[in-house]
Number of protein chains: 2
Amino acid sequence: MSDTENPLFIGVDIGGTNIRSGVVSPDGTIMKRLSQHTLTHEGKDRTIERLLALIQRSIDEYPPGTIKGIGIGAAGAIDIKRGVIVTSPNIPGFKQVALRDIVFERFSIPAVIDNDANAAAYGEFWAGSGKGITSLIVITLGTGVGGGIILDGLIWHGSGGMAGEIGHMTIVPDGRRCRCGNQGCLEAYASATAIVERAKELIRHSPDTTLLDMIAHDGIEGLTSLEIFHAALNRNQLACEIFREMGKYLGVAIASLLNILNPEMVILGGQLSGAWDLFHPTMEAEVTQRVFDVVAKGMRIVPAGLGDDAGIIGAGGIAAQEFS
Amino acid sequence: MSDTENPLFIGVDIGGTNIRSGVVSPDGTIMKRLSQHTLTHEGKDRTIERLLALIQRSIDEYPPGTIKGIGIGAAGAIDIKRGVIVTSPNIPGFKQVALRDIVFERFSIPAVIDNDANAAAYGEFWAGSGKGITSLIVITLGTGVGGGIILDGLIWHGSGGMAGEIGHMTIVPDGRRCRCGNQGCLEAYASATAIVERAKELIRHSPDTTLLDMIAHDGIEGLTSLEIFHAALNRNQLACEIFREMGKYLGVAIASLLNILNPEMVILGGQLSGAWDLFHPTMEAEVTQRVFDVVAKGMRIVPAGLGDDAGIIGAGGIAAQEFS
């Protein structure tokens, strides 16, 4: 196998729990997966060593020169131009880590670092639900709400590398308190955290105990979004209403994004996107009501196609774009 | 004067009342202005003839070959790729007018058509408050609220040419009715129309008659935003509160735009931007509260620099960019 005929890229997704990597082909297929605990409590240097060891193992699987670039996605504030992780909420010790240069010095292979939500968005654009589309927005509905914006085939980073904080659009000016300290952010309405908080609130204030009866094995404090999801699948009215409400506010946010940016597609990923059937009707109604017909025309809102692999594939894709 | 050393461009701003044009130099200065009534009631063909006569007069002022391109801005839905005004709210008869080709056929000078808000945004970017900045958002606070988005030095048109409808971001999901038929749009909170509507509402429902006493020469129905502005300058409390409230909601919208797009600058133009001192404090407070520190850092919100000329200069600038 000649290395110039089959260039490959490594995509890495650094999470708070696991570092996951994949060797990615130029068509966006993961050829070889590896995973490693992040173990952030062992300190920054050992986390970096584990990351480098993971990359080394991937490189060693192929003839020298096959891997043409390494892309790394991490949560937090990333200085893309300098290739530095400025801060990362999931990895407390990571402050001003010049990861791009560290990786290049070790392997003599060029590297690129980006925000994990941008990497996931790029993955969906390159090889997922957005394949063939040039302008799209990816909203990741997880513990929080992340976002990535692709315009004319490129990630839009903004002037300071902070674009795409879709979870912190204001949806209700005097609305729910968000984890960011602010009020009325989308994240306070359409994240797993928000779903759980809303369920607790409804359980505490509603005479309807059916939801509590269905889910409370560990009492209300141990409540998870997955339990609420299952209760909704079992047609619990309170649980269903929580997802309908989420759909409404998500629809408000998407409508604003469409009127602002007029993309071809909006892709919804993250764990909560699995509840598509539960929130989709109210989301779509809100979008239809609020978006100009000419903007809505031809535009599609679809579920993500790559699941948890979007970050790995996207990081590999960014490397492929940079170093092909 | 050699025409290759001093290329010039014509910028045209088609409004509902007047068609205004200027010969624009490569540094964004208007050399020669002309104006003509639009007279839409005389029909589409005569409006087009008046537009062409205006352009002809500008061309005739210079040696042949001096004018290298013609840029035209018009309100409404513009098909930029085809150079067609699809519909224009200000000019009822303009439907599917292939203006780019009409202009080129008449003068053999290349032309480009864009939305008037985009043209104004490009003007501010090219020769106004945004000179030297590559990524910015212009919000025009007029009868309605318009917007234009410049990313990396180019107008972001969106996939269907409809990007920048910032006036129709949802600010309050269950909020005020907007002219577009929707609820809670920015335009329903931060336009001249909104200011007047809000004043009428407050006058009708408030025991405070001081505002009415100050302004109502023609009764409440003839109320204008300029009268409310003057009442606020004269420290009428109700009028001041209207602008403070406007500032708050404008701040909510700007905060969302900043978290989504992370531009270097937001520029506020249009007639209402003259009330800067009245709405700026509440606007800034809202932005500071809602925007991530790292996004706010280095970002500036400033008044527009070109006033009513932004559209003409910007249209000329788009032509200069396309045809230089």
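This is a predicted model: local features need pLDDT of at least 70, side-chain atom pairs count only at pLDDT 80 or more; totals for chains, interfaces and linings use all residues.
Residues are numbered from 1 along each chain as its sequence is written, chains are lettered from A in the order in which they are written, and side-chain values use heavy atoms, with hydrogens and water left out.

**View 1. Where chain B meets chain A.** Welcome to the contact between the chains, which takes 40 residues from chain A and 40 residues from chain B (contact means heavy atoms within 4.5 Å). Look for W156(B), I260(B) and R290(B), which supply 20% of the area that chain B buries against chain A, more than any other three residues.

View 2. Two salt bridges are counted between chain B and chain A (a side-chain nitrogen of Lys or Arg within 4 Å of a carboxyl oxygen of Asp or Glu). In one salt bridge, the side chains of D174(A) and K248(B) meet at 3.4 Å, N to O. The side of chain B that touches chain A draws two or more residues from each of β10 (145-151), α8 (237-261), α9 (276-290) and α10 (293-296) of chain B. Its largest share, eight residues, comes from α8(B). Helices (H or I, at least four residues) and strands (E, at least two) are DSSP runs, numbered from the N terminus.

View 3. The structure holds one cavity of 30 Å³ or more, and about 40 Å³ of space lies in the largest cavity. On a 1 Å grid over the protein atoms alone, a cavity is a set of points where a 1.4 Å probe fits but cannot get out, and lining residues have an atom within 4 Å of a point. Grid points are joined across faces, edges and corners, and a volume is the space filled by probe spheres set on the points. Among the lining residues are R176(A), Y189(A), I195(A) and M246(A).

**View 4. Two backbone angles to spot in chain A.** Q96(A), in strand β7 (residues 95-97), has a positive phi of about 55° although it is not a glycine. R235(A) lies in the loop between α7 (225-233) and α8 of chain A, and its phi is near 65°, a positive value in a residue other than glycine.

Technical notes
On a 1 Å grid over the protein atoms alone, a cavity is a set of points where a 1.4 Å probe fits but cannot get out, and a pocket is an open set with protein on both sides within 12 Å along at least five of seven lines; lining residues have an atom within 4 Å of a point. Buried area is the accessible area (1.4 Å probe) that two parts lose on being put together, summed over both.
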